[in-house]
Amino acid sequence: MRIIDARVVVSSPGRNYVTLIVETEDGLTGIGDATLNGRELAVASYLRDHVCPLLIGRDARRIEDTWQCLYRGAYWRRGPVTMTAVAAVDVALWDIKGKAADMPVYQLLGGAARDGVMLYTHASGETLADLHEDFQAHLDQGFKAIRVQSAIPGLEKTYGIPAPGGEIYEPASGSRPQEDRWDTAPYLDFAPQMVASIREEFGYGTHLLHDVHHRLSPIEAARLGKALEPHRMFWIEDPTPAEDQSAFRTIRQHTTTPLAVGEVFNSIWDCQQLITERLIDYIRASVSHAGGITHLRRIFALADLYGVRSGSHGAGDLSPASFAAALHVDMSIPNFGVQEYMGHRPPADEVFSVSYSISEGHAHPGDAPGIGVTFDEEAAARHPYDPKYLPINRRLDGTVHDW
Ligand code: CS2
Ligand code: MG
C-alpha cells in the first residue's frame, strides 16, 4: 500500500484550515488537519517542503514507523509546527487504515468504551443577563457541560466574548494582531460572581467549566480555585501559563477545584510532570497539535496510570477532520473525561462532509470507514486563505501579558 501522493490545501471556509491529503496506489485517500491558528503557512511549508516528499513510496500501513521517522528523523523535535505536521500525517494514515479495513478508526483502537462522547460547549455574554440567555440556549440544545465566560465590567474586551453582532467567538483578526487590555484584580473579583450567578439561576444539574486562558499567577489561580469551590466546577481551564508545570503544585496545595491544562501542548514531555505528580485532573492535549492519534493515545495512557482524564481541545480552529479524529480516540480510551466542541461555521460544511453526529450533548464518530470525514478540494478552492493573527494582550500599563 504505497503512498503515491501527499498534498496540502490551505483554505478558509469560515476560518483558516490546513488540510493534508494522502493517496495510496490502491486508490485510498486519507486526510489530516494541519491547522495552527495564526501560523498556518509554517505548517503548510513544513509538510510541503520537508514531509510530503518523504511520504512518497512509503507503506501507508506503517503508522508507528512513519511517526518515529518523522519525529526522531528530523532531529529537531517537538514544537507546535513540527507536531502539527506529524499529527496531520498520522491522522491521514489512520484514516487510510480504517478505509482499508472497512472500519471506523475507533474500532481499530479497541472499539467503543462508551455509548457517546460528552461534549462541553461555550456560553458567553457581554452581561450576566446575556450569559444566562446563552446558557439557557445551550441547555435547550441538550448540552450537559457548559463553559461560562462573561465580559469583565470595566475592561474593554474579555477573552471568549463574541464581538457585538458576531454569532461565534472569533478572536483572530486582520494583517496585524489586535491588542486587548487586561487587569487581573477586577477579573478575580468578577469570575466567582459570574459562576455564582449561574448556579443560583440554573442549579447544580449541569457541569460548569471556565477558561482562564493562561492569565493568572500560581497564587492568583489558587485564590480563584478556592473562591469557586462552593460552585462545584467541572474544571478551571488553563489557569496559568501552561509551560510552567511546577506552578500547578502551588495551585494544587490550595484548592480542590479540578484543574485542566494542555491545549497548547505538543508532546507527552510537556505534561509528564503534571501527570506523574498528579498536579492536574484533565489533560487537554489535542489530536492535531500533539502528534496525532498515535501520540495522543500515549499521553492518555500515561494519564490513565495517574487518574488523570482526557479533555481534548476542540476549538473551531481545529478542523472537522481533527474533531472527528478526536472523537475516535475519545470513544475508545478508558479515561475519557470530556471533549470540547465549539463547532464549525458555514461554509465549512461545503468543504468537509462528516459522519459524526451530536445529540443530547454527546457526540458519536459514526461508522463510516476511517475517520469519517471527506474533504472537497474544489469547494475548498472557492474559499482562499485569509491570513489572520490571534490577539496580543497588554496590562493596563502597556506590559505584554499572556493572551
Ligand atoms: C480556547 C481556544 O477553546 C478554547 O479552549 O482556549 O479557543 C484558543 O483560544 C484557540 O484555539 C486559539 O487558536
Ligand atoms: Mg481554552
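In helix 7 (residues 218-228), the buried residues are A221, A222, L224, G225 and L228. Buried here means under 20% relative accessible area, with exposed being over 50% and partly exposed in between, using a 1.4 Å probe and protein chains only. Helices (H or I, at least four residues) and strands (E, at least two) are DSSP runs, numbered from the N terminus. An α-helix has 3.6 residues a turn, so residues three or four places apart point the same way. And what lies over that side? The cover includes helix 6 (184-202), strand 8 (235-237) and helix 8 (247-254), where contact means heavy atoms within 4.5 Å.

A quick word on the ground rules: this is a predicted model, in which local features need pLDDT of at least 70 and side-chain atom pairs count only at pLDDT 80 or more, while totals for chains, interfaces and linings use all residues. Residues are numbered from 1 along each chain as its sequence is written, chains are lettered from A and ligands numbered from 1 in the order in which they are written, and side-chain values use heavy atoms, with hydrogens and water left out.

Now for the metal. D211 (OD), E237 (OE) and E263 (OE) coordinate the magnesium ion (ligand 2) at 2.1 to 2.3 Å. Along the chain, those donors follow the spacing D-x25-E-x25-E. D211 is in strand 7 (residues 207-211), while E263 is in the loop between strand 9 (259-261) and helix 9 (272-276), so this pair links parts of the chain 52 residues apart. Both D211 and E263 are buried. Donors are N, O and S atoms within 2.8 Å of the metal (3.2 Å for Na, K and Ca), and with water not among the atoms, sites may look incomplete.

H213, in the loop between strand 7 and helix 7, has a positive phi near 55° although the residue is not glycine. In the loop between strand 8 and helix 8 comes D238, with a positive phi near 45°, again in a residue other than glycine. Most residues other than glycine have a negative phi, and most peptide bonds are trans. H213 counts as buried at 6% relative accessibility, and D238 counts as buried at 0%. For a cis bond, go to the peptide link from P346 to P347, with omega near 5°; P347 lies in the loop between strand 12 (339-340) and helix 12 (348-351).

Next, the rings. There are 14 aromatic pairs in the structure. Rings of Phe, Tyr and Trp (its six-membered ring) pair if their centres lie within 6.5 Å; planes under 30 degrees apart count as stacked, over 60 as edge-to-face and the rest as tilted. One of the pairs is Y159 with W403, edge-to-face at 5.8 Å centre to centre and 75° between the planes. Y159 belongs to the loop between strand 5 (145-150) and strand 6 (179-182), and W403 to the segment after strand 18 (400-401), 244 residues apart. Y159 and W403 are both buried. F352 and F375 make a tilted pair, 5.2 Å centre to centre with 55° between the planes. Since F352 lies in strand 13 (residues 352-354) and F375 in strand 16 (residues 373-375), the pair ties together parts that are 23 residues apart in sequence. Ring pairs also link Y120, F234, W235 and Y282 into a cluster.

Last stop, helix 2 (residues 63-73). Its buried residues are I63, T66, W67, Q68, L70 and Y71, and they pack against helix 1 (40-55), helix 3 (80-101) and helix 10 (292-305). After helix 2 comes Y75, with a positive phi near 70°. Elsewhere, helix 11 (residues 320-332) holds S332, buried at a relative accessible area of 13%. Leaving aside neighbours within four places in sequence, S332 is in contact with Y106, L109, G111, A113 and R114.
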